[in-house]
Amino acid sequence: MTDALLVLEDGRTFAGEAYGATGTTWGEIVFNTGMTGYQETLTDPSYHKQIVVMTAPHIGNTGVNDEDPESGRIWVSGYVVRDPARRASSWRADRSLDEELAAQDVVGISGIDTRALTRHLRERGVMRAAILSGEALLDGAGRPRAAEDLVAEVQAQPQMSGADLAGEVSTDAAYVVPALGPDGAPLAEPVARVAAVDLGIKAMTPHRMAERGIEVHVLPAASTIEDVLATAPDGVFFSNGPGDPGAATHEVELLREVLDRRIPFFGICYGNQILGRALGYGTYKLGYGHRGVNQPVLDRVTGKVEITAHNHGFAVDAPLDGESVAPHDGGRYGRVTVSHVDLNDDVVEGLAALDLPAFSVQYHPEAAAGPHDAAYLFDRFLDLMRPAATTEGTDA
């Protein structure tokens, strides 16, 4: 039964079957190469306003549970799979993926050639798209809608370039993730305190810090430097998130306030791009981005190659070789190196300031879902904060 249609802005269409909710959804269509971790992908706020194509053909066989989500809801705009599981086969499953998508009103499509679709996106680049199913495929008279009209509607949708989206996915109110001891119980006295600016944070990220004895104060994206300093932080963290870093004016200015005070800083994904812009480097949109749990990255500090989890469509434009002086304000932030680089395409995957206590990576060391190769980065952040954690407060 063909009752769903995927429409791309360049006019190509794929017919399939409705999966999850029925109706219409719009977004930038991207592909994820992970063979596992679909629940974490769906609930990652970085996928806000994106239709996600899974390149692994068989999706849904471990179902959905209430322990693995990275946030309180599914954020993807739409979901595309080739061969959905007929039933969940994990003892941890509480319900099927199809049921969860329908319950959260996420429109999806199945039964299409996702390999052909992915090759198309690799050749043409990610683009705007729509999924339509059920009555959404019919006009007011009950007749099938013309393909050219559907394409025109897709082309009328906003593009990801220039989109400022962090405020749409951030927490409305600050909250605290308490520090944990080796036994998993809360610590009476944390080893450090971090102000984490939520630009689309994944739940596992503050947990990774908490299990190292760090008390994490998660703050809304609209927070001011006064809000940050009110937590008496030993360090500041900027999370992953959706949108174009070129539109993140507030976040860039906030980070410059942090850097000016020499507060130790760590950024992940969107946070890496914000650090790049705060230092004065540019950012640009990748043709089809990096999304999956299998990206090889070279850590230039250790010389090791890590297999890493990615979800980004933008990247920092900084010199790959040697040191460079951060361009902002006549170089007031000093020297910077590219600390990590993607071995597939030489994309900047990390920055390290040499004259400031600040570094960042473009990928996800929290390993939800994904490999654990980069977990040491949280230890590196703790080491960066230790001198500050032994002093009384932070100089404002």
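This is a predicted model: local features need pLDDT of at least 70, side-chain atom pairs count only at pLDDT 80 or more; totals for chains, interfaces and linings use all residues.
Trainee: Which residues belong to domain 1, and which to domain 2?

Mentor: Domain 1 covers 3–156 and domain 2 covers 166–385, with bounds from an automatic or database assignment. Their C-alpha centres lie 29 Å apart. Domain 1 brings 22 residues to the contact (heavy atoms within 4.5 Å) and domain 2 brings 21.

Trainee: What area is buried between domain 1 and domain 2?

Mentor: About 1800 Å² is buried, and carbon and sulfur atoms give 51% of it. That is the accessible area (1.4 Å probe) lost when the parts are put together, summed over both. On the domain 1 side, Pro-45, Ser-46 and Glu-70 supply 30% of the area buried against domain 2, more than any other three residues.

Trainee: Why is the meeting of Lys-285 and Glu-28 called a salt bridge?

Mentor: The rule asks for a side-chain nitrogen of Lys or Arg within 4 Å of a carboxyl oxygen of Asp or Glu. Here the N to O distance is 2.7 Å, so the pair qualifies. The count between domain 1 and domain 2 is one salt bridge, while the structure holds 23.

Trainee: What makes the link between Glu-28 and Lys-285 join parts apart in sequence?

Mentor: Glu-28 sits in strand E3 and Lys-285 in strand E15 (residues 282–299), so their pair ties together parts 257 residues apart in sequence. Strands here are DSSP runs of at least two residues and helices (H or I) of at least four, numbered from the N terminus.

Trainee: Why is the pair of Phe-238 and Phe-265 called edge-to-face?

Mentor: Ring centres of Phe, Tyr or Trp (its six-membered ring) must lie within 6.5 Å; planes under 30 degrees apart are stacked, over 60 edge-to-face, the rest tilted. With 5.3 Å between centres and 80 degrees between planes, this pair is edge-to-face. By this rule there are six aromatic pairs.

Conventions: Residues are numbered from 1 along each chain as its sequence is written. Side-chain values use heavy atoms; hydrogens and water are left out. Buried area is the accessible area (1.4 Å probe) that two parts lose on being put together, summed over both.
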